[in-house]
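Try each task before you read its solution.

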Amino acid sequence: MEHLNPAGIGPPPATGVGQEIYALAERLFPICRSITGNGVRATLDVLSQHIELQRHEVPTGTQLFDWTVPKEWNIRSATITGPDGQTVLDFADSNLHVVNYSLPFKGILPLAELRPHIHTLPEQPQLIPYRTSYYAPTWGFCAAHVRVADLPDGFYRVEIDAELEDGTLTYGEYLHRGQSEREFLLSAHICHPSLANDNCSGLALLAMLARSLKARKTRYSYRFLFAPGTIGALAWLSRNEDRTCLIDHGLVLSCVGDSGDPAYKRSRRGDAFIDRAMSHVLGRRAGAKLMDFSPYGYDERQYCSPGFNLPVGMFQRSVHGTFPEYHTSADNLDFIRPEHLEDSFRILMEVIDIVEEDWTPLNRLPKGEPQLGKRGLYAAVGGQKSSGATSMSLLWVLNLADGQHSLLAMAERSNLPFKELAAAAKLLLEHELLVAL
Amino acid sequence: MEHLNPAGIGPPPATGVGQEIYALAERLFPICRSITGNGVRATLDVLSQHIELQRHEVPTGTQLFDWTVPKEWNIRSATITGPDGQTVLDFADSNLHVVNYSLPFKGILPLAELRPHIHTLPEQPQLIPYRTSYYAPTWGFCAAHVRVADLPDGFYRVEIDAELEDGTLTYGEYLHRGQSEREFLLSAHICHPSLANDNCSGLALLAMLARSLKARKTRYSYRFLFAPGTIGALAWLSRNEDRTCLIDHGLVLSCVGDSGDPAYKRSRRGDAFIDRAMSHVLGRRAGAKLMDFSPYGYDERQYCSPGFNLPVGMFQRSVHGTFPEYHTSADNLDFIRPEHLEDSFRILMEVIDIVEEDWTPLNRLPKGEPQLGKRGLYAAVGGQKSSGATSMSLLWVLNLADGQHSLLAMAERSNLPFKELAAAAKLLLEHELLVAL
Amino acid sequence: MEHLNPAGIGPPPATGVGQEIYALAERLFPICRSITGNGVRATLDVLSQHIELQRHEVPTGTQLFDWTVPKEWNIRSATITGPDGQTVLDFADSNLHVVNYSLPFKGILPLAELRPHIHTLPEQPQLIPYRTSYYAPTWGFCAAHVRVADLPDGFYRVEIDAELEDGTLTYGEYLHRGQSEREFLLSAHICHPSLANDNCSGLALLAMLARSLKARKTRYSYRFLFAPGTIGALAWLSRNEDRTCLIDHGLVLSCVGDSGDPAYKRSRRGDAFIDRAMSHVLGRRAGAKLMDFSPYGYDERQYCSPGFNLPVGMFQRSVHGTFPEYHTSADNLDFIRPEHLEDSFRILMEVIDIVEEDWTPLNRLPKGEPQLGKRGLYAAVGGQKSSGATSMSLLWVLNLADGQHSLLAMAERSNLPFKELAAAAKLLLEHELLVAL
């Protein structure tokens, strides 16, 4: 357990939230998702048991900026049968076995012709790779290298019972309404099949976060988006182009359940409030990674495209593409743990607390320090070696309450935790030493 | 001896100034000071033998922003006598033995009732702690832990012959008038009793600095303030609120006599001229510490409160609160040394030199380098491996004399000592290669 | 060989350019140059075999800002003959043997009177120092310390057959005209005699660079200046004062042939385009040095004087004054190597490529990413572990093509090589995903 950051200022989440997120990820894991199709709908069905999702269906052929909604893909089964009649690969064993968006195919081929259609990882011979072919029509399988390395020559029967037909692209959306119309966008990709960290973890965490906020009266509105990667984000942006100006903060979540240290990639702006808040929270943790924006990754690529340039960063634990389990069958339910999911959950709650609780105080007695002692706000007997953290928080808030510093700016300058400063400011406000700007 | 910085551009201080400062500190050490009372006046009497102090008396009850001048405290004697008639503690042995601002008290108590009124430092059992209780009425003693740890049960006679009556708060002020009304404020707290570094050292150094400036015709006016901590600074600010806009530079001094490396805490502004000048002087010394402002410490807390935000930093050697002798009887006359006091003195003189000697030159021949050789300003035979420091200073001044750089800015950019650049600029001015802006 | 940077985007230089530069430096080495005289003219004669130099003659007595063109110096021979009639030193052996600009002299002196006129390097006793005396009339010799340390007493015959007469100062200039009148100034000092690195290397490299640009249609005009140090640069500045506003980029070259890592000293501005371009190129090489401007060095001192403040930096390998061979007879043809000259050449070509190829693209489809796959610009099968460098370049260019970033700014932010981004931008422009601003 590495909960270095206990719960924030808001109500602490129910104990065992890590277990709950894990249990939900477990239910999502077996479903074969893709960027369209019934797997996405089944996933949204499960998530809907926790939050009231609004479901959107976008028809095949719809123009989304430079993109077009593709045909809908659904798969029932897929097998390769060997010359001896034995099953070589079966989609029923792992939905990674078929290239995602593979064309349907039925035929008997000599091994030499089949080989180019089977993707393996020779350097990780036990693992099935995850491959997709959304926009380049082809058919194919993925397999552990050891499973297919020594196949005997002969003719193989291949059957991929899939459909690629006009249909719809599906995404889910949940809006927690706060006092303001201004929004915090939280987005997770829903298109990957049986990969636990990438992104059953993100989907489950997001759902539990939404559930947890439900009971809370918030200042901001929180929009939760469960959409297929790239095309789903573009669908939402395309349909909500006029509303994007309401987004004050945003986070893309993926790979939030592994044992790696938490990592944050800044928005393209680099100094947005969300960038500063995440830097404050993670900057206080040894091992946490803070990275500048780059245009490769998840849907921050779309949110941060120059025509939108939204203040959306990306939160994850192990950085995608850098861990050996990434995009393989080793990204399974053993790879994510309740404690890491809970840690990620608490980090996000702490950031939400900052977004919710930040304000700009003005010192009503700015000339000299107010006499804290006569208000019971100061250790009564002076001369001790050091002022406690609380006294320091009080002094920092009073000193910086010139109307130019919000609490987050005070936290950045003082290097004290935001929550300590927020508590100090609350106390000083109650004693009428501050007014809110 | 660690005089890495010999005297500045101005007249070098008299040899032995460290000895003089130490001798003055020795005289101040035995006096029992507090934030009010005769100890402050006695201290000002001693200082007045060196500088013409103006003395201010502020009546009890006077409102100073959020604070009120308290009753005046004076103490004649205090003792604890044991069941056997032996003296356990006597104020006459150390003025730290009584909690500063202790209420008068006379009575006979069982040990159990006396105990909570005796403060000790169990982790530094040989040392008497320094404790105050200015604004929370109580009575008490301070003692070495070993002295009182094993007191026998029985009844103890306690007598604190002190007065807490309407009176005045006293502070001293000395103004060295320069050509300009604009001011350099130098301030030291006068309220601590027998603590040598904190702040007999600061009081003595400030007095000697004032004496030393007396003979010097300065550009700035220099205001020296000897005032009780917090309430004294507030008294001055309150009575001079309209004049604070004249303060261009300021330093609070405390703990300037110990063997620690010199340290400077920046003003709240962080980039005031005094911050840059101190950074330049200390930045050239290994071990010296440069710290950002924080609202805990000495009277920079008041000068840098948001309603004033004056360009006042704080100079000390070992950082208060971090050395074991701090606020104990170990902060005695052995803890400070003439050579460290002299080093502190020289640092301040060097900073005063920068304040006095800074100016913005304009190159009269800005196109190409002027021919220094024909003016005798350059080594006559070229081709040597390197230009000497003086030549470099000449070249830097000429190159940066575009009207945008004062000498201090040139020192910052060139990383050459201010005094070398000032000497070079003087030479170039004499040769009519510069004009003053 | 340490060609870490292969050729830039432009046409790669002819193979063997390092050999060609070296061969040219070999031809320049034996000539006795000074700030005036026939040695400069002979040097320009050799350079003119490669580029069409315009030659300028500036008469003695011409005022150049604060300077005056001195009398022209020419030397035919110089010897010291010992009491025994043996030749002690002969200018014919090394043109370093005579102080550059030595007055003519003929006489017989006792050793004690001769000694002050012989300069040696006692700490490098085998080497002849290089000394000049342009503006302080004197005569003198330079010798290896071992050669003259044990001279016997007696009378020595000294003969310096030199002339210091009214004449002219000579410099050479070559302009490669580009589409624009705006200029890139490249300047090398021509005044040093037999010193290979300082600056036969710079003169030869500059000539070959000029020759290499001749065949290239460039955007900028390139001005190549071969002028004596200080006085030559001032001559050019004085005669072209009105044209200096056309200089957008500039480099002074010296000591570009030794085995040291490449080094760049920024212009006085510090953030000029040339500073950024050189930082980008050298910042990607381990060992390369990037230094802030200082007003000591070569003719950047004049170009960066405050009245001009041109965007001119300085490129060299081992930093002048820091290597033991500097300004001695050890700076000979063994000290420079073709491979280092070629490396320097390629670095300059890479910078010229950046100057030539930089532009500011605007993304025509800024909302979301354009679909690269349908244009054949993206790996067809998704899900691989990492996007290749080319894909990253495409994504970075698209993401930053908001009209605020030129390609160099993109390279700085993405930390990708300029040439990769330029290639990506070219591809995207061809696919009509960008327009040029």
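**Exercise 1. A hairpin in chain B**

Which residue in β5(B) is the bridge partner of Thr79(B)?

Solution. Before we start, keep in mind that this is a predicted model.

Step 1. Find strand β4 of chain B, residues 72–81, and then strand β5 of chain B, residues 87–90. The two run antiparallel and are joined by three bridges.

Step 2. Go to Thr79(B) and look across: its bridge partner in β5(B) is Asp90(B).

Step 3. Now follow the chain from one strand to the other. Five residues lie between the strands of this hairpin, and Gly85(B) has a positive phi near 85°.

**Exercise 2. The other partner of β4(B)**

Work out which strand β4(B) pairs with over nine bridges, and whether β4(B) is mostly covered or mostly open.

Solution. Step 1. The partner is strand β9 of chain B, residues 155–165, and the pairing is antiparallel.

Step 1. For a landmark, take Thr81(B): its bridge partner in β9(B) is Arg157(B).

Step 2. As for cover, a residue is called buried when its relative accessible area is under 20%. Seven of the 10 residues of β4(B) are buried, so by this definition the strand is mostly covered.

**Exercise 3. A helix tucked away in chain C**

Why is helix α2 of chain C said to be largely enclosed by the rest of the structure?

Solution. Step 1. Count the buried residues. Seven of the 10 residues of this helix (38–47) are buried, so the helix is largely enclosed.

Step 1. Name them: Gly39(C), Val40(C), Arg41(C), Thr43(C), Leu44(C), Val46(C) and Leu47(C).

Step 2. Ask what they pack against. The list is α1 (17–28), β1 (54–59), β4 (72–81), β10 (168–176), α5 (196–214) and β12 (221–227), each in chain C.

**Exercise 4. Chain A, from the whole to one sheet**

Describe chain A in a few numbers, then pick out its open sheet of four strands.

Solution. Step 1. Chain A has 12 helices and 18 strands. Its C-alpha trace spans about 90 × 45 × 35 Å along the principal axes.

Step 1. Of its 437 residues, 61% count as buried.

Step 2. Check how far apart in sequence the contacts reach. Among contacts in chain A with a separation of 6 or more, 80% come from residues 24 or more positions apart.

Step 3. The four strands run in the order β5-β4-β9-β6, with antiparallel pairing. β5 (87–90) and β6 (105–110) of chain A are the edge strands, and the twist averages 15° from one strand to the next.

**Exercise 5. Chain C and its two neighbours**

How many salt bridges does chain C make with chain A, and how many with chain B?

Solution. Step 1. Start with chain A. The contact takes 28 residues from chain C and 29 residues from chain A, and buries about 2500 Å².

Step 1. There are five salt bridges between chain C and chain A; one of them joins Asp66(A) and Arg375(C) at 2.7 Å, N to O. On the chain C side, helix α10 (residues 389–400) gives the most, with six residues.

Step 2. Turn to chain B. Here 29 residues of chain C are in contact with 28 residues of chain B, and the area buried is about 2500 Å².

Step 3. The count between chain C and chain B is five salt bridges, including Lys367(B) with Glu241(C) at 2.3 Å, N to O. The elements of chain C that give two or more residues to this side are β3 (67–68) and α8 (300–303).

Definitions and conventions: Residues are numbered from 1 along each chain as its sequence is written. Chains are lettered from A and ligands numbered from 1 in the order in which they are written. This is a predicted model: local features need pLDDT of at least 70, side-chain atom pairs count only at pLDDT 80 or more; totals for chains, interfaces and linings use all residues. Side-chain values use heavy atoms; hydrogens and water are left out. Buried means under 20% relative accessible area, exposed over 50%, partly exposed in between (1.4 Å probe, protein chains only). Two strands pair if DSSP finds at least two bridges between them. Contact means heavy atoms within 4.5 Å. Buried area is the accessible area (1.4 Å probe) that two parts lose on being put together, summed over both. A salt bridge is a side-chain nitrogen of Lys or Arg within 4 Å of a carboxyl oxygen of Asp or Glu. Axes are lines fitted to C-alpha atoms, for helices over the stretch in contact, and angles run from 0 to 180 degrees between N-to-C directions.
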